[in-house]
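Welcome, and please take a moment to look over the sequence and the model before reading on. This report walks through them one topic at a time.

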Amino acid sequence: MSGTDCFHCGTPCDAEEVHFDGKSFCCNGCKTVYEIFQSHDLSYYYELEGAPGNSPSALQGKYDFLDDPLIAERLLEFQDGSHHVITFNIPHIHCSSCIWILENLSRLNPGVYSSQVDFPRKEARVHFNPEKISLKALVGLLNAIGYEPSITLEQYDKKQQKTDRKLLYQLGVAGFAFGNIMFLSFPEYFESGEFWLEQYKGLFRWIVFTFSLPVVFYSGSGYLVSAYKGLRSGMLNIDVPIALGILVLFLRSTVEIVFDLGQGFFDSLTGLVFFLLLGKFFQQRTYSFLSFERDYRSYFPIAVTRLEEEGREQDIPVYQVEQGDRLLIRSGSLIPADAILLKGTGEIDYSFVTGEARPVTKKSGDRLYAGGKQLRGGIEVEVLKPVSQSYLTELWSDAAFSKGSKTAFRNLTDRIGKRFTLGVLTVAFSAAAFWLWKEPSLALNVLTAVLIIACPCAIALAAPFTLGNLLRIFGKKGFYVKDAESLERMALVDTAIFDKTGTITTTRKNSIRYTGIELTEQEAVVLKNTLRASGHPLSQALYRELAPYNIVPLDAFEEHLGEGLEGRAADQEVRVGSSRFVRGTAPVEDEGSEVHFSANDTYKGRFVIQNSYREGSRKLFEQLADAYSLAVLSGDNESERASLEELLPPLTPMYFNQKPMEKLEFVRQLQREGKDVLMVGDGLNDAGALAQSQVGIAVSEDANLFTPACDAILDSRQFSKLALFLRTTKKAMKIIYMSFAFSLLYNLVGLYFAVTGQLEPVIAAILMPLSSISIVAFTTAATNWIGRKIE
Amino acid sequence: MSVIYMLLAISISVALIFFVAFVISVRKGQYDDSYTPSVRILFEDELREELPKKEPETKEYNQLDKPF
């Protein structure tokens, strides 16, 4: 009885529904997890969120390599006799139930001491006793409850990084000092010549001085060092006026209190540093559960099975694979190195590596490339080249990955900073020169006052707050951008290039057309059941598309790998598969994805499974065509040219059968012509082009899955909104320009006071925070406003 | 008015104590993940009277409200 959803994972139960304890489950796996939870008194899991679970996957020796102590050692964070600590990346963490169950692992197995979840990173840190539960068993336990960790080569290679908390400390020190200095400055603000104040003035001033020391030399050190480095290499970035402001503020204030000339500007100094650091902190927003840095290592497994003499199997780390080694590649596993197929039939899915949409059938003697996934059935292969020399990894040694085109980018703030510094210095020295002539005693006062009040802080804050807020807004809408500079580059691109397979097309939905004689009900039933018995992606796609029928056990079933299926039930016999298998004739032209079908030896017709293009693609391309030149680069064959021509504006260049290096070269060529390129792709075969372009966007069906190194990850469901996102970045740049204009206004007001020699500490103390806060408020409100338009 | 020395000393000391507390909490990693604790406090501590635990010494680690 279909119509109910699985109690554990929420997917609709079809005819395979399992009943247990008064609830329905979609499969035995889900029911088993429920049982485990129930018997350990952990049913609270289901009370926090509805259907939070996941069906466990079949392991079949997948984690045997964890028994090797050398491999385990590299993965563990800490080991000490009976206390081991490891941090797992668990993609399925997505709700509070997940947090709860993973923090209660100790109730499932006494070998676990404790565990803690870091939700934004989707990680779980587990403390366990290796004498009671081995690492492999721990992973098995996690998988058994539906939380299989992702253990890839990337984690194996990763060095332990200490989390960088420096900014937090600097911010804390600056805030602490700023608040206290403000309080301690109050008496002198409101000074009315009272006797007691004159007595204790020195005390307050020197306490304030002491508080400001760590702010200048610790919290502000970043700006001072950066300005110094910039000047040394001949660049005037925004940190130069900031450092100048800090130093002049500090020096003038110290001189003032030493010679009893005044109160000094320590409050403005610490306030300045505090707001600047706040801007930096706000801009640092990252999506810690996503990685924008993935290379092939997070796609590859850590260990593979090598076949030794006498058929013995040995799990070895993937780096130890040598030329001539014989490997066993299991069903669903990746081929780690270029190799020759020895035994078995290869059904290789290269879609990630080359972009070919259909799996390729290979037989003994054929050459296989690293990165392909063997779909069904185990195969034996002989390695031709070690992992680091495979066709794929050579792509990564290309210079594109040292990010040449992106590091050269000078962001807007730095460019404006240069002009600002020159302007301020000009005003300062001309004003000082004027007063030197008119009233020399005021000259130094005016010089330093100008340098103090000409606050670059509004300029330095405008971009971080605008772009930082935009990062947050985009993230909420499914567009995860790596950093603020990527947003700035996005506003400047003029050319957009798209990959086809997986980017513009989706494998989740298929459009299937049937041409031929209509099927009778009995034929349809047998066909559906025959398809169900096969694990081939085409069979499964077809199975899902046909109307539901009852499950009928087949009398006979045979699967000819790479050819087709034969099934018989009642008295109906059905053949499904390639043209050659079903009717004995070779296919007429490039088959695309055609599945032929015959019943009782009479040819009935064929199903054509076409690429399903993402919803809203045509409109997206129309919207983009206004502002950008478009192009499509596909690793697949030309069969989709006609459909693409329908979708895209006329005369859009389209290239097929593109290898990864060819895509990269295409982008380079455009850049040599002076274009700013945006590349949208999804697989390893796009990695080169994504890195080389000014902006690389990876489209992702499921953020848990692998995406190649890029500047932004776009959730596939938001694909049609890409034009809106790009337009919003342009609007954001306008907001930044407007903030610069505001800050200019503030500076003019402040400069009036400074140039006329009337700059009191209290005026500076009011103007600076006022300008900073109003810029922050304006940019935040404005970006929220433009962000609301994306719907 | 010389009481002001003592007042300043006390208030600055108190402020410093809070600052030290801040530094300690950052070092312990409490600011690394500012999202998960907000979910964690909403978990209910269940009453576990009926089922006696087989290994009482591990129970300590089951307390959900103990930050790590």
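Two residues are in contact if their C-beta atoms, placed from the backbone, lie within 7 Å. By that rule, S629(A) touches D494(A) and T495(A), not counting residues up to four places away in sequence.

Here is how to read the names and values. Residues are numbered from 1 along each chain as its sequence is written, while chains are lettered from A and ligands numbered from 1 in the order in which they are written. This is a predicted model, in which local features need pLDDT of at least 70, side-chain atom pairs count only at pLDDT 80 or more, and totals for chains, interfaces and linings use all residues.

S629(A) belongs to strand β24 (residues 629–633) of chain A; helices (H or I, at least four residues) and strands (E, at least two) are DSSP runs, numbered from the N terminus. A residue is buried if 20 or more other C-beta atoms lie within 10 Å of its own, exposed if 12 or fewer, and partly exposed in between, with C-beta atoms placed from the backbone. S629(A) counts as partly exposed because it has 16 C-beta neighbours inside 10 Å. P52(A) is 577 residues away from S629(A) along the chain, and their C-alpha atoms are separated by 44 Å.

Next, the two chains can be set side by side.

The C-alpha trace of chain A spans about 110 × 65 × 55 Å along its principal axes. Of the contacts in chain A with a separation of 6 or more, 66% are between residues 24 or more positions apart.

What lies inside? A nonpolar core is a set of buried Ala, Val, Leu, Ile, Met, Phe, Trp, Tyr and Cys residues joined through C-beta atoms within 7 Å. The largest such core has 186 residues, and I246(A) and V450(A) have the most contacts inside it. Helix α16 (residues 457–476) of chain A supplies the largest share of this core, twelve residues. A second, separate core has 16 residues, including V525(A), L565(A), V576(A) and V595(A).

Chain A also holds an open sheet of six strands, in the order β8-β7-β9-β15-β10-β13, with antiparallel pairing. Two strands pair if DSSP finds at least two bridges between them. At the edges stand β8 (313–317) and β13 (367–368) of chain A, each with a single partner strand, so one side of each is left without a neighbour in the sheet. Four bridges join the antiparallel strands β9 (residues 326–329) and β15 (residues 379–383) of chain A, and I329(A) stands opposite I379(A) in β15(A).

How do the chains meet? In all, 25 residues of chain B are in contact with 27 residues of chain A. On the chain B side, α1 (3–27) and α2 (36–40) are the elements that give two or more residues, and α1(B) gives the most, with seven residues.

Finally, a word on confidence. The model scores ipTM 0.74 and pTM 0.79. pLDDT is the predictor's confidence in each residue, from 0 to 100. Chain B averages a pLDDT of 74, and 65% of the residues score at least 70. Over residues 48–68 of chain B, pLDDT stays under 50.
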